[in-house]
Amino acid sequence: AFLFYQKQSAAEGGGDEWQKLVKVGGGGLACASDNPDGGIYFGPDGLIIPLRAGERARVAQSKLGPYFERGPDDLSSIFAGGAARLQDLKVVVGIYGDGEDIPYSGGVMDMTSG
């Protein structure tokens, strides 16, 4: 699993430069939760995107270090102040035909059934 953030120079109009942050401490909890009633968690605190309506709706949070590297800029979060109100959420997915093998589909355990 990876997280990305836009480098400061790019955010200030200096181009489109992105920094990749890798998962640290092994593969466990790379995606700690993907729950339609609660939200998406990359690590317990690497990137939290709440999807539930309410007070914290659309406020994503991030803490780097324990589960995702801080990167060359030694950031504590991918957001200034640790959180940001989302204006858009874009999800990138693959399109697969019936019976086609989906790469890495077994990488996240379904803990909601059974």
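I shall begin with the basis of the model and then turn to the fold, the surface and a lysine.

This is a predicted model, in which local features need pLDDT of at least 70 and side-chain atom pairs count only at pLDDT 80 or more, while totals for chains, interfaces and linings use all residues. Residues are numbered from 1 along each chain as its sequence is written, and side-chain values use heavy atoms, leaving out hydrogens and water.

The protein chain has one helix and seven strands, arranged along the sequence as β-α-β-β-β-β-β-β. Helices (H or I, at least four residues) and strands (E, at least two) are DSSP runs, numbered from the N terminus.

Of the 114 residues, 25% are buried, where buried means under 20% relative accessible area, exposed over 50% and partly exposed in between, with a 1.4 Å probe and protein chains only.

F4 sits in strand β1, residues 2-6. F4 is partly exposed, because its relative accessible area is 47%.

Which loop holds K23? K23 is found between β2 (18-22) and β3 (33-35). K23 is buried without a salt bridge, that is, a side-chain nitrogen of Lys or Arg within 4 Å of a carboxyl oxygen of Asp or Glu. The nearest side chain of opposite charge, D45, is 8.9 Å away; Lys and Arg count as positive and Asp and Glu as negative, with His and the chain ends not counted. Beyond its neighbours within four places in sequence, K23 is in contact (heavy atoms within 4.5 Å) with A1, G28, L29, A30, Y67 and F68.
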